[in-house]
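Student: I have a model open and want to learn how to read it. Where do we start?
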Amino acid sequence: MAMIDISGVSKSFTLHNQGGAVIGVMENASLSVAAGECVALAGASGAGKSTLMRMIYGNYLAGTGRIVVDGVDLVQAEPREILALRRETLGYVSQFLRVVPRVPTLQVVAEPLLALGVSADVAVARAAELLTRLRIPEALWSLSPTTFSGGEQQRVNIARGFVHDYPALLLDEPTASLDVKNRATVLALIREARSRGAAIVGIFHDAAARAELCDREIDVSAFAPQRAA
Amino acid sequence: MTPLLQVRDVSHFYGARIGCSDVNFDLYPGEVMGIVGESGSGKSTLLNCLAGHLPPDTGEVVFDTRADGPTDTVTMSEPARRMLSRTDWAFVHQHARDGLRMSVSAGGNIGERLMAVGARRYGDIRAQATDWLGRVEIDESRIDDRPSAFSGGMQQRLQIARNLVTGPRLVFMDEPTGGLDVSVQARLLDLLRGLVREMGLSALIVTHDLAVVRLLADRLMVMKDGYVVESGLTDQVLDDPQHAYTQLLVSSVLQV
């Protein structure tokens, strides 16, 4: 059975404060990703790649259809079921790092494991290992990532997304703003996740990365609503 | 799993005016729910109804008590409700002086709540008070000072220590970071998050600050004119708001 299974999903935004304009962005989207498979979402800017990814994470509300991840339908699920799914099963590396000010980087990265009840020393050791691999200097670990450069924040975000072995992973531009060495490390992390059996959905503008990692591509523009002539 | 708190059709009226109306939700152990809305939206009225400070005009507030399981706290006896508010419940006021005894030392403020649940040995009480001052990052040398000699942020942390020392299961917070400057707010948020996780607390947080709920709350309820207009996962409600009022709230936040 597919780890991620999407069928008949539509989405529109109603802008109540801008004259009630309704903007249809997606119709009848369907997609299925098995464990150990990496699928790229393709399509021009504005085609709805991030929107679809956010719906899979439960961050955007789908209008109709089913989005089933590991047996949980995110369209119908209660908030606490979605939170449990995110804690245990579904990881998401977004393009932006959002953290509580003042919390040290090491803690930020270890947090997903602590939330799972992993003991503090194991969680911190695992976080340290990933930060080392992603070349974040140890001198920065005790500082909050809010003051880091864009590339460093991106790597902290990636470390946080890979600290737990999520069975399903959503990656939004994981290699953007990284140098050659770090890009190679991130690609290796993704490859390792895939070979341990994670189902991966990614957005990669980096065509070489996409070709190297992905089993197939889904063109999201196929899900664009049909415009009235 | 049994919800820790089940809220059914809770309404409160001020004469003919609506305070809050027909509020329904379940809160599960370990969940943190934010309640947002502008001034006068009914969020504080609701919180006070749930915490037993205001009698609801309709509805039930069912709390999963340790002794008897789910029990309606609206119809329970006054002594039983007061016992709950000293043990399993905690209430963090916006203004620390509403939740502290300003003429009693910091240690005394923490100890008083312990004594209310039966602690009697001075040494134990003092040790626990010292431990809690440390947890909320107040230097233990300040244990005999009165809260009136503390800064606003310290008073707020002391209020939190006083509330959490008895190991409550449900914490009501009314604008816990309101009126504090941002650096103090960040420190308090970090502290609250840590305590919620370590102690497995459930919490209801009333605030008008969307950044605070994004960082603290798993779930969010949006109120307007006494009614709940939208609820859901915090990040979903903030990033993809459905109701006109929520869209207005989210789009009105100033970017730094």
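Tutor: Start with a definition: a salt bridge is a side-chain nitrogen of Lys or Arg within 4 Å of a carboxyl oxygen of Asp or Glu. The general idea is that side chains of opposite charge can pair when their charged atoms come close. Here, Arg102(A) forms a salt bridge with Glu137(B), and the closest N and O atoms are 3.6 Å apart. This pair crosses between chains. Arg102(A) lies in the loop between strand E6 (90-93) and helix H3 (105-115) of chain A. Glu137(B) lies in the loop between helix H5 (122-135) and helix H6 (152-164) of chain B. Helices (H or I, at least four residues) and strands (E, at least two) are DSSP runs, numbered from the N terminus.

Student: What should I know about the model itself?

Tutor: This is a predicted model, where local features need pLDDT of at least 70, side-chain atom pairs count only at pLDDT 80 or more, and totals for chains, interfaces and linings use all residues. Residues are numbered from 1 along each chain as its sequence is written, chains are lettered from A and ligands numbered from 1 in the order in which they are written, and side-chain values use heavy atoms, leaving out hydrogens and water.

Student: How many salt bridges does the rule find across the interface of chain B and chain A?

Tutor: The rule finds 7 there. Over all chains, a search of the whole structure finds 30. One pair to display is Arg193(B) with Glu111(A), with the closest N and O atoms 2.8 Å apart.

Student: Which elements give two or more residues to the side of chain B that touches chain A?

Tutor: They are helix H7 (182-199), helix H8 (210-216), strand E10 (227-233), helix H9 (234-239) and helix H10 (244-251) of chain B. H7(B) gives the most, with 6 residues. By class, that side of chain B has 8 nonpolar, 5 polar and 12 charged residues. Ala, Val, Leu, Ile, Met, Phe, Trp, Tyr, Cys and Pro count as nonpolar, Asp, Glu, Lys and Arg as charged, and the others, Gly among them, as polar.

Student: How do I read the extent of that interface?

Tutor: Contact means heavy atoms within 4.5 Å. By that rule, 25 residues of chain B are in contact with 25 residues of chain A. Buried area is the accessible area (1.4 Å probe) that two parts lose on being put together, summed over both. Between chain B and chain A it is about 2200 Å², and carbon and sulfur atoms give 53% of it. In chain B, Arg197(B), Leu233(B) and Asp240(B) lose the most area to chain A, together 25% of what that side buries.

Student: Now a sheet. What is the strand order of the open sheet in chain B?

Tutor: Two strands pair if DSSP finds at least two bridges between them. This sheet of 4 strands has the order E2-E1-E4-E5, with antiparallel pairing. Strand E2 (17-27) and strand E5 (69-72) of chain B stand at the edges, each with a single partner strand, so one side of each is left without a neighbour in the sheet.
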